[in-house]
Amino acid sequence: MNTTPLAQIKSPDGVAVVLLIGRVSTPQQDIDNIQASYRYLKPVVEQLVPGRKEIIEYGDQGSGMSLDRDEMNAAEAKIASGVVDAVFIEDLSRAYREPSQIQQFLYRCIEKETRVVCPGDNLDTSDENWYQTALFAGVRHGMHIPDTVRRVRRTATHSFDRGGMVIRHRYGCRRLSKEQAESGKLGPKGLKLDKDPAAAPVILELRRLVLEERRGGAYLARYLHRKGIRNCNSRDGRWTSATVLALLRDPILYGVRRFRSVLHERNMLTGRHVRLKNKEPLTKMWPELALMTEAEWTEMNLVLNEICIESGPGGGRDLSKRRGVPRANAVFPFQHATCGICGSAMIDSSKRMMKCRKCLPREGRICWSRVVVSIDRLVSDVIGGVIDLVKDSPIAMETLVATVQKTISEHRRSGESQVEVHRRRADKLSTRCRKLATAIAAMDDDDDDTSDTLSESDNELVKQLKTMQNERREQLRLLKIAENDAATADATPLDAEHVLNDLPGLLTRLATSSFEVADFLRRIIPTLKVVPIQAIDSDQVHPRLEVIIDLSILTGGDPNPRPFVYDCFDAAVHYQRRNDVIHKRDQLIAEGRKASLNKIAAALGIGRMTVRRTLQLDQRMRDLGLSEPFKVLTTAPTSASRWRNETDREDLGKDEIRRTDNAA
C-alpha cells in the first residue's frame, strides 16, 4: 500500500475532509465493532493525512448487499459534493459486498478526486496498481456470500429436521426452550414445539363452526376477539379473517410442520429481498402436535373453500369479482377517501354507505369514528367541486374534456371485447350443460339392475350440472351488463361540445367505473378526508369532507393545492334557513315592528317552530362563540346517535336486537 501523504487539500483553509466508513451486518453483531474499525484506521489516517483535518464517521448496521442504507447514502452524497479529500475503510466489504457495487463506489470516488484507502485489502487508489488490487479484493469479498448462504441453509435444514427452527409458531402450539426440548419430557427429544392444551378446545370449536354453521373467516375472527384470545403472530394480538383462515389451513393442525414456505430471493440490482411463495417447502410429520386427523382437516378446508371468498391461500377466490385485479386499482372514491381521525381507508359498509374500516368489529373497533357518508353524495359533491374549479381555467377544462373523450373511446373498444369474451364463455358453458344433461338422461335409461350404483353417480352428476348452470347464469348476467355498457358507450357522443355540456354526468360515471379515471382523480385530489362533526343543539353526528384539489396535473404548472370543505349531508330546515330568519328578525326590529315568531314564519313561509328552533340555535352559537352550528369532533363524543358500543349484531337474534335498540 502506498504510504505517500495526501499531496493536496481541496479546502482553501487547508482543512482536509476525511470520511471513515464502518458497518456490521446483523443486529446480533456488536455495534462497537464499528468503533473498533475506526480505531484501527486512526493511525493510518494520521500517517497519510498530516495537519488539520475534519474526520466524519459513517457507520451503520445492514447488509453489504443493500444499496438502501442511510449512512452509506449520506457518505455517497458527501463524496458527490466534491469536498471529500480521502475515504478510509478497514476493507471494501465494510462499504459493499457485491463486486460490481464495490467497483462503482471506487469509480465515483476517483471521479471526484477522492483518495480511497483500505488497509485490510492493501488498497490505495493513489497507487497505479490499485485497479488490480480492488478487482481481486472485490472477488474475494463477494465469494463469502454464496459460501455463507450455503452453510446457513444447510444448518437450518438440519435443525428443522431435528425439530428446531421455530421462528414463528401458530396459535395452538407453544415454543419450548432448548433445555425443555432436549429433556424429552414434553414431547420428542429435540422438538422445540409443544401442543397447547388450552388452545385445543378453541380450534376444535372453530372447526365445528365451519362444518355445522358454515361460518367464514370474518365471523371466526370476531368469535376469537369475544373470547379474549390473542393472536401470537400479531403485534397487537388482533385476529383478522386472513389470519384465522391461515391458521385453519395450516397442516400443523394434523401434525405436519413446514419450513421455507416463503423464499427470500435477493434482487441483485437493489440488494433487497423479494418474497416468493415456495411450491415445495420442507415438511416433517410430528404426530405429537396434531389437534385433529388429516381427514378432519381436509373436510374442514373443503367447506372453507366453498364458503370463503376472502383473499389468501386456498379455494374460493374464483368467486371473487376482484380476482386478478390489483388492490391499487379501485374506482372512485374507494382507496381514496380516508378517515379524518385514524387515517385508515373508508370502505363500502352497506347500502352505498362508507365508514372507516378500523371501526368495524372484525378490526377490533380501533377507531372511534363511526360516521357514515353516502357514496353517491360524496362523489357528487367532490366531482362538482372539481368542475366548478376547472371552469375558471380554460387550459384545465380543455385537458379534462380531452381525458374524458379518450376514456370513452377506450371504453368502447374494451366494451366490445368484453362482450365477445362473455359470449364465448356463455356458449361454452351452454354446450357443457347440454352434454352433461344428455349423459344423465342416458344413465337413467340403462338397465334397472344397476340402479343403486347409478343413483350415486346421478347425484354427483346432478350436483355438477347445477353448479355449471349457476356459472352459465352468472356469465349471461355479465354478458348483459357488458352489452348494456357497450350500448351506452356507443350512444355517448365523442365531440368536445357534447362532452362539455354533459361533463358532470360523464365524469361521475367514469370516475365510478374506470380505474384510469379514478387514478387520474387521485392525482387531482391528493387528500380526501371524512371528518365527523356534531350539531351543537343535538347529538347527531354528520360527515364533513376536507378536500385538497390541485389542478397542476391539468394545467401543467407548479403545484397549487387548494383546501375545500363540503358538508356531505342535508342539514335540518332550521339550519338551512338560519340566515333568512335572522335577517328577517333584524329587518322587523329596524322597522320598529314586533319580531314575533308568527310574523317571521308568515313572511318566510315556514313553520313557527322552525323559527323558534332557529333563534334558539343562533343564541347558542353566540353563547359558544361559534360561526357555524357544528363542531368538529377530535375525541369520541360522550353521547351520539347510533354510536353506542353495540354487541355484534350479526350474532344476535331479532328479539335480542329489538331489546338492545329499545334499551338504547
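Tutor: Start with one residue. The model is predicted. Asp194 has a relative accessible area of 11%.

Student: Why is Asp194 called buried?

Tutor: Buried means under 20% relative accessible area. Asp194 comes to 11%, so it counts as buried.

Student: What touches Asp194, leaving out residues up to four places away in sequence?

Tutor: Gly172, Cys173, Arg174, Leu176, Leu186 and Leu289 do. Asp194 itself lies in strand E7, residues 193-195.

Student: How much of the whole chain counts as buried?

Tutor: Of its 664 residues, 39%. The accessible surface is about 37,700 Å², and carbon and sulfur atoms hold 50% of that.

Student: What makes strand E1 mostly covered?

Tutor: Nine of its nine residues, 16-24, are buried. Ala16, Val18, Leu20, Gly22 and Val24 point one way, while Val17, Leu19, Ile21 and Arg23 point the other way. Both sets are buried.

Student: Why do the side chains split into two sets?

Tutor: In a regular strand, side chains alternate between the two faces of the sheet.

Student: How do you know that E1 pairs with E2?

Tutor: Two strands pair if DSSP finds at least two bridges between them. E1 and E2 are joined by nine, so they qualify. They run parallel. Val24 has Gln61 as its bridge partner in E2.

Student: Which sheet holds these strands?

Tutor: An open sheet of five strands, in the order E2-E1-E3-E4-E5. The pairing is mixed.

Student: What makes E2 and E5 edge strands?

Tutor: Each pairs on one side only. E2 covers 53-61 and E5 covers 123-124.

Student: How do you know that E4 and E5 count as paired?

Tutor: Two bridges join them, and at least two are required, so the pair meets the criterion. E4, residues 115-118, runs antiparallel to E5. Cys118 is bridged to Leu123 in E5.

Student: Now the sheet with E13, E14 and E15. Why is one side of E13 left without a neighbour in the sheet?

Tutor: The open sheet has the order E13-E14-E15, with antiparallel pairing. E13 (346-350) and E15 (373-374) stand at its edges. Each has a single partner strand, so one side of each has no neighbour in the sheet.

Student: What joins E14 to its partners?

Tutor: Four antiparallel bridges pair E13 with E14. Ile347 stands opposite Lys355 in E14. Two bridges join E14, residues 353-356, to E15. There, Met353 stands opposite Ser374.

Student: What lies between E13 and E14 in their hairpin?

Tutor: Two residues. Lys351, in the turn, has a positive phi of about 55 degrees.

Student: What are the totals of helices and strands in the chain?

Tutor: The chain has 21 helices and 19 strands. Among contacts with a separation of 6 or more, 65% link residues 24 or more positions apart.

Key. Residues numbered from 1 in each chain as written. Predicted model: local features only at pLDDT ≥ 70, side-chain atom pairs only at ≥ 80, totals over all residues. Heavy atoms only, no water. Buried < 20%, exposed > 50% of the residue type's maximum accessible area, 1.4 Å probe, protein only. Contact = heavy atoms within 4.5 Å. Areas by Shrake-Rupley, 256 points an atom, 1.4 Å probe, with all protein chains shown as cover.
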